[in-house]
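Okay, thanks for coming, everyone.

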Amino acid sequence: MDKKVLLCDSVSDTAMKIMTSAGIAVDAKFGLKEDELAKLAPEYDGFVVRSGVKITKKVLEAGAKGKLKIVGRAGVGTDNIDKDSAKSLGIVVENTPFGNTNAAAEHTLALMMAIPRHIHHAAKSMKEGKWDRKSFEGTELKEKTLGLIGFGNVGKKVAKVALAMEMKVIVYDPFLPAEKFAELGVKKAELAEIYKNADYITVHVPLTDKTKNMIAEKEFAQMKKGVYILNVARGGVINESALLNALADGRVAAAGLDVYNEEPPLNKELIAHPKVTCTPHLGASTTEAQENVALEVAEQMVLALKSGEVKHCVNGLTKLRN
């Protein structure tokens with residue numbers, strides 16, 4: 001076995017077998033700190049990570065002095081990997097964009113259905129021994145307008161279900177060809193139109209310099225009074241202080257959040273707010289999704305290290321370094 005991969009977070013035995021069966025030696029060392037990773041990095045051709053470890057510039061520079069060629073992320077988000085440093089060093093960073101699509105879409109839809117029907121408040125009330133029907137009258141999704149910001153794999157699945165529930169769906173995505181919107185049964189819209197007309201707004205974009213705080217005071221001021229806000233994508237896309245202000249003045253009726261600026265979140269006021277339904281980054285936390293992304297990253301690691309094929313690269317490289 002001439003290639004070696006370090007598992008920095010756990011994956012299934014099946015995923016490990018995919019790599020070992022292809023002649024790749026696999027070591028598993030979890031919970032390593034930066035200095036420990038930097039010491040080991042030169043020995044390995046590839047790292048496999050989830051979200052539990054940070055692959056920093058220091059780690060990558062150490063790896064580049066040795067064999068390190070690729071970092072594979074079992075999942076979509078790559079905020080925990082210094083992609084710019086990796087690119088400058090010729091180290092490929094890949095993600096697995098399909099394995100947790102369904103899980104993230106279902107979580108978005110679960111929040112979107114639960115919030116206007118006051119599910120978590122009503123459940124809490126009953127557990128306190130109350131039988132209070134009057135306080136929890138809700139609203140229906142039918143004929144409401146859903147504004148999607150970002151129309152990748154997750155956004156498309158959310159839209160499909162929303163359309164089946166007879167919602168109107170308007171979408172902002174500057175990267176999608178114009179004809180695709182009609183093909184998928186949704187209406188193309190600019191951000192200003194979404195802010196003005198949507199009853200529900202859900203974001204499905206990565207966290208970048210352009211998307212950080214893309215929804216803040218100015219954007220909330222443009223929204224329809226009583227809008228519902230959902231974020232199962234990335235913390236930092238929605239400005240948390242601005243969201244609190246919008247909740248306070250009634251511009252936002254309620255919010256469903258699965259991701260935060262810091263995780264665990266430091267904004268305790270937001271988490272405690274009675275109009276915020278929050279979950280601890282569970283968007284991809286299903287048995288099926290965790291297995292899917294593990295298998296995908298294992299297969300991509302084999303393709304890269306055995307055939308030189310780069311797939312789903314997120315830092316602009318097209319081949320492995322020697």
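**Helix pairs and domains**

So, the crossing of α5 and α7 is right-handed, meaning that the near helix is turned clockwise from the far one by less than a right angle. Keep in mind that this is a predicted model, where local features need pLDDT of at least 70, side-chain atom pairs count only at pLDDT 80 or more, and totals for chains, interfaces and linings use all residues. Residues are numbered from 1 along each chain as its sequence is written, and side-chain values use heavy atoms, without hydrogens and water.

Helices here are DSSP runs of H or I, at least four residues, numbered from the N terminus. Helix α5 covers residues 101-114 and α7 residues 153-164; their axes come within 8 Å and cross at roughly 50 degrees. Axes are lines fitted to C-alpha atoms over the stretch in contact, with angles from 0 to 180 degrees between N-to-C directions.

What about α1 (residues 13-21) and α13 (residues 287-307)? Those axes also come within 8 Å, crossing at roughly 10 degrees. That makes α1 and α13 roughly parallel, the word for angles under 35 degrees. Among the residues meeting there are Ile18 in α1 and Leu295 in α13; contact means heavy atoms within 4.5 Å.

Now the domains, whose bounds come from an automatic or database assignment. Domain 1 is 4-99 + 287-307, and domain 2 is 101-278. Their centres, over C-alpha atoms, are 32 Å apart. Eight residues of domain 1 are in contact with five of domain 2.

Notes: Helices (H or I, at least four residues) and strands (E, at least two) are DSSP runs, numbered from the N terminus. Angles under 35 degrees count as roughly parallel, over 145 as roughly antiparallel, 65 to 115 as roughly perpendicular and the rest as oblique.
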